[in-house]
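Take a walk through this structure, one region at a time. Keep the sequence beside the 3D view as you read.

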Amino acid sequence: MLFNLRREATLNSAVEFHGIGVHSGENVNMQIYPAKVNSGIIFERTDIKNKDPFIKLSPNSVIDPTLCTRIVNKSGVFVAVVEHLLAAFRICGITNALVRLDSQEVPIMDGSALDFVRNFRKTGIIHQDPFVPAIVIRHPVFEESNTGKISISPSNNLNVSVELSYDRINPVIKNNNSYTFSFEDNLNDLSSSRTFGWIEDYEKVRNMGLAKGTSEENTIAILPDSTIKNAEGLRNPKELVMHKCLDLIGDISVIGYDIIGDIKGFNTSHALNNKLMRKLLSQISSHEVITDQSSTNFNKALSFA
C-alpha cells in the first residue's frame with residue numbers, strides 16, 4: 001500500500017484552555033491560534049519579558065525529559081509537559097499553530113489529550129495546500145536505555161506499538177501490557193488515556209520540585225497493593241499502555257516530519273523517545289525525505305524488496 005502524504009492543517013479559529021501545571025502547581029491560561037502554512041507548532045511564553053519568548057519545536061529543543069517533555073530556546077526560555085498537546089495536534093492532523101501561555105507548563109487538564117482533541121474538533125480544522133514532509137525509513141533505527149528500547153523499521157505506513165513489562169506495573173496491567181495502532185484507527189480511547197503514577201513515589205517526586213499540581217483529577221494513582229485509587233478506576237483495561245503510546249506520539253512530533261515506518265517500543269520513556277528522534281534527525285540523509293505526493297522518488301522510496 002502506498003502511503004498518502006497528508007496536507008498541512010490549522011485551526012479554524014482560536015481556542016482557549018485553562019488549568020493547572022501538573023509539576024509547577026501554577027494556574028495556566030493558554031490560547032492556541034491558527035497559523036499560516038509552513039509555520040509549524042510554535043510556543044510563546046507571554047509572561048516572559050526581555051528574552052525571546054518563542055520556542056520552535058525540534059528534537060534538539062528538548063531538554064531534561066524527566067517525567068515530561070520540556071522544550072527550550074537559545075535564551076533558556078522553556079515550556080514543559082508539551083507531549084499531550086502535541087499528541088492531540090497529531091491525532092487531529094494539525095501542523096500549524098501558535099500556542100501562547102502565561103506559565104512554564106501546558107495545563108495538564110485531566111491528564112490525557114481528550115480536552116484538547118474535543119475542542120480542536122469542535123472549533124474546526126482547516127486543511128492547507130502544502131503536503132507534510134515525510135521521512136521514509138530505509139533502514140532500522142534503534143535506541144535503548146537501562147530499562148527499555150525503541151526502534152523504527154521500514155514499512156509502507158506509520159504503525160506504532162508499545163509493550164510494558166516491569167515488576168511494578170505487571171500486577172496492575174496484567175495481560176493488558178501491549179497496544180498497537182495506526183492513524184487510520186479510532187483513537188478515542190487513546191486520546192482519553194491518562195498519565196499515571198505510584199502513591200508511594202509522590203513525596204520523592206515532590207522533593208524533586210515536581211508533581212505539585214498532581215491530583216486524582218489529572219493522574220491515575222496506583223496504590224501499594226497495585227489497585228487504582230481513583231474512584232472511577234481505569235477508563236479502559238489498556239489505559240496505562242495507551243498513555244505510553246500517547247506520550248510517544250507527542251514525543252515523535254517534535255521532529256517536524258511524518259514518519260513512514262514501524263515504531264516499536266518496550267518500556268518507553270520521554271528520554272528514550274527523544275534519543276530516537278535525535279538519532280533519526282542526525283542520519284536523515286540516509287533515509288528518504290518525501291515532500292510532494294508526485295515526487296519521482298516516492299514509489300522508489302516505498303520499494304523495500
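In this predicted model, three strands make up an open sheet in the order β6-β7-β8, and their pairing is antiparallel. Strands β6 (62-63) and β8 (78-80) stand at the edges. Each has a single partner strand, so one side of each is left without a neighbour in the sheet. Now look at β7, which covers residues 70-72. Strands β7 and β8 run antiparallel and are joined by 3 bridges.

Next, go back towards the start of the sequence. Strand β2 spans residues 15-20 and strand β3 spans residues 27-34. The two pair in the antiparallel sense, over 6 bridges. Glu-16 has Gln-31 in β3 as its bridge partner. Together β2 and β3 form a hairpin, with 6 residues between them. In the turn sits Gly-25, whose phi is positive, at about 75°.

Finally, turn to one residue in a loop. Asn-218 lies between α5 (202-207) and β17 (220-222). Is Asn-218 buried or exposed? Its relative accessibility is 3%, so Asn-218 counts as buried; the cut-off for buried is under 20%.

What does the side chain of Asn-218 reach at 3.0 Å? The backbone oxygen of Gly-213. The side chain of Asn-218 also makes a polar contact of 2.8 Å with the side chain of Thr-219. Leaving aside neighbours within four places in sequence, Asn-218 is in contact with residues including Ile-20, Val-22, Ile-108, Asp-110 and Thr-195.

Notes: Residues are numbered from 1 along each chain as its sequence is written. This is a predicted model: local features need pLDDT of at least 70, side-chain atom pairs count only at pLDDT 80 or more; totals for chains, interfaces and linings use all residues. Side-chain values use heavy atoms; hydrogens and water are left out. Two strands pair if DSSP finds at least two bridges between them. Helices (H or I, at least four residues) and strands (E, at least two) are DSSP runs, numbered from the N terminus. Buried means under 20% relative accessible area, exposed over 50%, partly exposed in between (1.4 Å probe, protein chains only). A polar contact is a pair of N or O atoms within 3.5 Å; within protein, one must be able to donate a hydrogen and the other to accept it, and residues adjacent in sequence count only if both atoms are side-chain atoms. Contact means heavy atoms within 4.5 Å.
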